Amino acid sequence: MKIPQEVQAGSVTPEPFDKTKNIYFSVLASGSTGNSIFVSNNNTKILIDAGLSGAEIQKRLAIIGEDPENIQAIIITHEHTDHVKGAGVLSRRFKIPVYGNKRTLSASASCIKTPCETKFFESGTPFFIGEMRINPFSISHDASDPCGFTIKSGNSKLGIATDLGTATALVKTRLKNCTGLVLEANHDPYLLATGPYPWSLKQRVKGRTGHLSNEEARDLLGEIAGKNLKNIILGHLSKENNCPAKALSIVSQALNNHNSRLLNATDEKPTSIFQI
Ligand SMILES: [Zn+2]
Ligand SMILES: [Zn+2]
């Protein structure tokens, strides 16, 4: 069977892309072994999470033609190792400030150690890096103070929501009117139930502070997908408890009437660059 790598719902008529203001991004890695997303509006370049080794993130930035010297911020969603592993090394090596809320940065202090600079934000309070407006919002996950983000610049709005056990009303509100989205589709409930994880871990993954299933991602997407949503990247797919073809097929059910492009990221290599 040919495994679809991408689902195209309807035909996409791309809007003109303003290279000076609008956002482009690449998911450098997404999955339980490492997460990092490169986001830029040309003038400002940031990383959301740095959950691979510093060297591996450098390598992946080079693959998409970006230089770590130009990264202005590493913004942390939560303290789990798959999101912070390389943050300290990159921060020290390239003088990049690390942004996080107080509880997240305190919980990840032993992993990040001494970054070149620490900057705090509060979940629920937007802040700017260059002309990018970053809005952190709380998510339901088993970490100290985890958050997702929306990032706005020009006509673009990128939503990032992985590592959430349930899609709360706040998450749905924040993710409305995105032009690009990185959304968790972690597991297939049947594969999880019959798979190799011990019982306690299965309970954790499917619980309210665990990870979203394909069906939960589909239902969330159905509620938030608007007419301007161009690219949706499914992230944090479990190797043991999911398969990309299944995730794409189920989540695409939410996109019957949309001209959106849906594909999945992996933890093995960066995605291409998406202009939104
Ligand atoms: Zn996590
Ligand atoms: Zn994670």
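Strands β9 and β10 (residues 147–153) pair in the antiparallel sense, with six bridges between them. Within this pairing, F137 stands opposite G148 of β10. The model is a predicted one. Strand β9 also pairs with β8, again in the antiparallel sense, and the chain as a whole holds 10 helices and 15 strands.

**Strands β8 and β9**
- Strand β8 covers residues 127–129 and strand β9 covers residues 132–138; three bridges link the two.
- F127 has I134 in β9 as its bridge partner.
- The two strands β8 and β9 form a hairpin, with two residues separating them.
- In the turn of this hairpin, G130 has a positive phi of about 55 degrees.

**Helix α10**
- Helix α10 runs over residues 244–251, and its buried residues are A247, L248 and V251.

**The chain as a whole**
- The secondary structure of the chain comprises 10 helices and 15 strands.
- The radius of gyration is 17 Å, close to the 19 Å given by the globule rule for 276 residues, so the chain is as compact as a globular protein of that length.
- The C-alpha trace spans about 50 × 45 × 35 Å along its principal axes.
- Of the 276 residues in the chain, 53% are buried.
- Among contacts with a separation of 6 or more, 67% are between residues 24 or more positions apart.

Notes. Residues numbered from 1 in each chain as written. Chains lettered and ligands numbered in written order. Predicted model: local features only at pLDDT ≥ 70, side-chain atom pairs only at ≥ 80, totals over all residues. Helix = DSSP H or I, 4+ residues; strand = E, 2+ residues; numbered from the N terminus. Rg over C-alpha atoms; globule rule 2.2 N^0.38 Å. Buried ≥ 20, exposed ≤ 12 C-beta atoms within 10 Å, placed from the backbone. Contact = placed C-beta atoms within 7 Å. Pairing = 2+ DSSP bridges.
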